[in-house]
Amino acid sequence: MKAADPNAVIAAARSWLGTPYHDQASLRGVGCDCLGLARGVWREIVGPEPFPIPPYSRDWGETGPREVLAEGARRMMIEVEPAAADPGALVLFRMKPRAIAKHVGILTGPGTFLHAYERLGVIEEPLTSVWRRRIAFAFLFPQR
């Protein structure tokens with residue numbers, strides 16, 4: 001599997017800037033959550049979604065034996081070491097210690113990322129040390 005052009009991924013992600021936050025939605029300009037943003041970028045870069053996304057909890061402190069989000073990404077994306085993730089990579093954040101990774105962002109530069117955040121919608125912001133240390137997994141979008 002070959003990786004998609006990171007510049008195309010970043011451009012697609014940035015086209016969602018300003019989209020309001022809406023839990024479990026994925027409509028550019030209308031509403032999305034962090035996973036909905038990633039799904040929308042997938043549709044633009046790769047094509048139709050390969051399987052329906054089941055309902056999921058908003059609980060960032062959720063614990064469990066399985067990294068469901070990472071397992072799903074592994075089925076269709078190219079996994080890379082988080083430390084080696086470059087702009088254009090999808091990153092999964094573990095928001096609380098010992099919790100499963102439940103938040104998604106897309107790296108847009110060496111120190112910036114884009115994500116959908118409750119009350120703020122889709123924003124681009126600095127990848128501060130607080131955010132960087134929460135990255136648990138990283139993936140590249142495949143080429144169409």
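Along the sequence, the secondary structure elements of the protein chain run α-β-β-α-α-β-β-β-β-β-α-β. That pattern comprises 4 helices and 8 strands. The model is predicted.

**Overall dimensions**
- The radius of gyration of the protein chain is 14 Å, which agrees with the value near 15 Å that a compact globule of 144 residues would have.

**Packing and contacts**
- Buried residues make up 44% of the 144 residues in the protein chain.
- Taking contacts between residues at least 6 apart in sequence, 60% link residues at least 24 apart.

**Surface and charge**
- Side chains counted as charged are 18 positive and 15 negative in the protein chain.
- The centres of the positive and negative sets lie 1 Å apart.

**Glu67**
- Glu67 sits in the loop that connects α2 (34-45) with α3 (68-76).
- The relative accessible area of Glu67 is 17%, so this residue counts as buried, the cut-off being under 20%.
- Leaving aside residues up to four places away in sequence, Glu67 is in contact with Arg94, Ala99, Ile100, Ala101 and Phe137.

Key
Residues are numbered from 1 along each chain as its sequence is written. This is a predicted model: local features need pLDDT of at least 70, side-chain atom pairs count only at pLDDT 80 or more; totals for chains, interfaces and linings use all residues. Side-chain values use heavy atoms; hydrogens and water are left out. Helices (H or I, at least four residues) and strands (E, at least two) are DSSP runs, numbered from the N terminus. The radius of gyration is taken over C-alpha atoms; the globule rule is 2.2 Å times the number of residues to the power 0.38. Buried means under 20% relative accessible area, exposed over 50%, partly exposed in between (1.4 Å probe, protein chains only). Contact means heavy atoms within 4.5 Å. Lys and Arg count as positive and Asp and Glu as negative; His and the chain ends are not counted. The place of a charge is taken as NZ of Lys, CZ of Arg, CG of Asp or CD of Glu.
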